[in-house]
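Visitor: I would like to learn how to read the features of a model like this one. Could you take me through them step by step?

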Amino acid sequence: MLIYHASDIVVNRPDVIHSREHLDFGRGFYATVIQEQAERYAQRFILRGRRGILNIYEYNPAAGLKVKEFGAYDGEWLDFVAACRMGEDVYKQYDVISGGIANDRVFNTLDLYFSNQMAKEEALKRLSFERPNHQLCFTSQEVIDRFVTFIEYKEL
């Protein structure tokens, strides 16, 4: 399957080293199967006067990978994202994590929840109205090296 990563540089050798900490699904290489989503994200770089690059890869998952898939913004997703954003290493038990991204609207709810200004039940109620975007987080460099192949890039 094709996956996409937005950046201001060409990333022909993706890695987990350059990842920021405390992201939705922990430290890793992030991509999406939704090309339009990655292109919208690349626009953020362009608005800051930088290049907007859409990196395109082929991802060929194999049996035996430890994959965690979140199908909705639910309690399990919320607890996992909260743990990762607080620096817990719960993500390390998986090779690949797939699920909704905490975009701006979702992040506002998470911010209120994380700062104890909103109860978990209210946060889940608000999140139930959001349609998840998609992100893949590759937490293992070995998995990236074996199953993710750079195809090309497009400058937007």
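Guide: Let us begin with pairing: two strands count as paired if DSSP finds at least two bridges between them. In this predicted model, S1 and S3 run antiparallel and are joined by 6 bridges, and within that pairing Leu2 stands opposite Glu58 in S3.

Visitor: What holds the strands of a sheet together in general, and in what order do the strands of the open sheet lie here?

Guide: Strands of a sheet pair through backbone hydrogen bonds, in either a parallel or an antiparallel manner. Here 3 strands make up an open sheet in the order S1-S3-S7, with antiparallel pairing. The edge strands are S1, residues 2-7, and S7, residues 148-155, each of which pairs on one side only. Neighbouring strands of this sheet are turned against each other by 25° on average, with direction ignored.

Visitor: Over how many bridges do S3 and S7 pair, and which residue of S7 is the bridge partner of Ile56?

Guide: Strand S3, residues 53-59, pairs with S7 over 7 bridges in the antiparallel sense. The bridge partner of Ile56 in S7 is Glu152, while Leu54 stands opposite Lys154 in S7. Because 6 of the 7 residues of S3 are buried, this strand is largely enclosed by the rest of the structure.

Visitor: Which helix packs on the sheet?

Guide: Helix H1, residues 35-47, packs on the sheet and touches S1 and S3, its direction making about 10° with that of S1.

Visitor: Turning to the aromatic rings, how many aromatic pairs are there, and how should I read their geometry?

Guide: Two rings pair if their centres lie within 6.5 Å, and planes under 30 degrees apart count as stacked, whereas planes over 60 degrees apart count as edge-to-face. By this rule the count is 11 aromatic pairs. For Phe25 and Phe70 the ring centres are 5.7 Å apart and the planes lie at 25°, so this pair is stacked. The pair links distant parts of the chain, with Phe25 in the loop between S1 and strand S2 (29-31) and Phe70 in the loop between strand S4 (67-69) and helix H2 (75-85), 45 residues apart. Both Phe25 and Phe70 are buried, and Lys68 lies over the face of Phe70, at 5.2 Å from the ring centre.

Visitor: Are the rings of Tyr41 and Phe45 stacked or edge-to-face?

Guide: Their centres are 5.9 Å apart and their planes are at 80°, so the pair of Tyr41 and Phe45 is edge-to-face. The two residues are 4 positions apart in helix H1, which means that about one helical turn separates Tyr41 from Phe45. With a relative accessible area of 35%, Tyr41 is partly exposed, whereas Phe45, at 11% relative accessibility, counts as buried.

Visitor: Which residues do ring pairs link into a cluster?

Guide: The cluster linked by ring pairs consists of Phe29, Tyr57, Tyr59, Phe138 and Phe150.

Visitor: What is the radius of gyration of the protein, and what would a compact globule have?

Guide: For 156 residues a compact globule would have a radius of gyration near 15 Å, and the protein has 16 Å, which agrees. The C-alpha trace spans about 45 × 40 × 25 Å along its principal axes, and buried residues make up 45% of the 156 residues. Of the contacts with a separation of 6 or more, 82% involve residues 24 or more positions apart. The secondary structure of the protein comes to 5 helices and 7 strands, running β-β-α-β-β-α-β-α-α-β-α-β from the N terminus on.

How values were computed
Residues are numbered from 1 along each chain as its sequence is written. This is a predicted model: local features need pLDDT of at least 70, side-chain atom pairs count only at pLDDT 80 or more; totals for chains, interfaces and linings use all residues. Side-chain values use heavy atoms; hydrogens and water are left out. Axes are lines fitted to C-alpha atoms, for helices over the stretch in contact, and angles run from 0 to 180 degrees between N-to-C directions. Contact means heavy atoms within 4.5 Å. Rings of Phe, Tyr and Trp (its six-membered ring) pair if their centres lie within 6.5 Å; planes under 30 degrees apart count as stacked, over 60 as edge-to-face and the rest as tilted. Buried means under 20% relative accessible area, exposed over 50%, partly exposed in between (1.4 Å probe, protein chains only). A charge sits over a ring if NZ of Lys or CZ of Arg is within 6 Å of the ring centre and within 35 degrees of the ring normal. The radius of gyration is taken over C-alpha atoms; the globule rule is 2.2 Å times the number of residues to the power 0.38.
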